[in-house]
Amino acid sequence: MKLQVAGFLDNSTVNGKGLRSALFLSGCKHNCEGCHNKAMQAFDYGERVEVDDILERIKHNVPLINGVTFSGGEPFEQAKQLATLAKKVRDEGLNLWCYTGYTFEQILQSGDEHKLELLKYIDVLVDGKFQKDLTEGSCKYAGSKNQRVIDVKESVNSNNIIEINKE
Ligand code: SF4
């Protein structure tokens, strides 16, 4: 099973809390004005990589890293294959963040079994399209103020949007 990958960072401090490996997935339809990853919008950008090869690369960074982040592009466009990787990442005891242009509610209401499966493995979801007129005052984990840094488990359990402590 392969993913179309735009890039990979072994150790990053700017893609979520702590030191993390970051996987960038190709392909995005959101077309946000001011998109900073325009090349990654193409679904054939980058290379096709086996899920297990990505996992091996992630494992090389353990125990240095405390988690993994999926970003893009739009990770949820490859939800089926990415859910497989997400499960393996969680099985390694790593926490998982994911950036998406969809809102949490859109994913929940999509009725798409693969998107819902992927969401199940994510600890923190940074959601919503990038809005270049809302960059001022955004938190360190989000590009624009409309984007929320959501504790997925807490939000599902309480049927409410619960954001993480961003300190
Ligand atoms: S969701 Fe991200 S990659 Fe997609 S258009 Fe918006 S900023 Fe660009």
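## Aromatic pair

In this predicted model, a search of the whole structure finds one aromatic pair. The rings of Trp97 and Tyr141 have their centres 5.1 Å apart and their planes at 70°, so the pair is edge-to-face; an angle over 60 degrees places a pair in that class.

The two partners come from distant parts of the chain, 44 residues apart. Trp97 belongs to strand β5 (residues 95-99), whereas Tyr141 is in the loop between β6 (124-127) and β7 (148-151). Both Trp97 and Tyr141 are buried.

## Packing of helices α2 and α4

Two packed helices are described by the angle between their axes and the distance between the axes. For helix α2 (residues 79-91) and helix α4 (residues 113-121), the angle is about 20° and the axes are 8 Å apart. Angles under 35 degrees count as roughly parallel, and α2 and α4 are therefore roughly parallel to each other. Their crossing is left-handed.

On the α2 side, the contact is formed by Ala79, Lys80, Leu82, Ala83, Ala86, Lys87 and Arg90. These residues meet His114, Lys115, Glu117, Leu118 and Tyr121 of α4.

## Cis peptide bonds

Most peptide bonds are trans. In this model, the bond from Val62 to Pro63 is cis, with omega near 10°. Pro63 is located in the loop between α1 (51-60) and β4 (67-72).

The peptide bond from Gly72 to Gly73 is also cis, with omega near 10°. Gly73 is found in the loop between β4 and α2.

## Positive phi values

Most residues other than glycine have a negative phi. Asn31, however, has a positive phi, near 50°. This residue is placed in the loop between β2 (20-25) and β3 (47-50).

A positive phi, near 55°, is likewise found at Asn159, a residue in the segment after α5 (152-158). The relative accessible area of Asn159 is 73%, so this residue is classed as exposed; the cut-off for that class is over 50%.

## Annotated domain

The unreviewed UniProt entry places the feature "domain: Radical SAM core" at residues 14-167. Over residues 14-167, the chain of the model is 29% helix and 19% strand. The C-alpha atoms at the ends of this stretch are 14 Å apart.

Notes:
Residues are numbered from 1 along each chain as its sequence is written. This is a predicted model: local features need pLDDT of at least 70, side-chain atom pairs count only at pLDDT 80 or more; totals for chains, interfaces and linings use all residues. Side-chain values use heavy atoms; hydrogens and water are left out. UniProt positions are given in the numbering used here, feature names are shortened, and annotations may be inferred rather than shown by experiment. Helices (H or I, at least four residues) and strands (E, at least two) are DSSP runs, numbered from the N terminus. Rings of Phe, Tyr and Trp (its six-membered ring) pair if their centres lie within 6.5 Å; planes under 30 degrees apart count as stacked, over 60 as edge-to-face and the rest as tilted. Buried means under 20% relative accessible area, exposed over 50%, partly exposed in between (1.4 Å probe, protein chains only). Axes are lines fitted to C-alpha atoms, for helices over the stretch in contact, and angles run from 0 to 180 degrees between N-to-C directions. Angles under 35 degrees count as roughly parallel, over 145 as roughly antiparallel, 65 to 115 as roughly perpendicular and the rest as oblique. A crossing is left-handed if the near helix is turned anticlockwise from the far one by less than a right angle, and right-handed if clockwise. Contact means heavy atoms within 4.5 Å.
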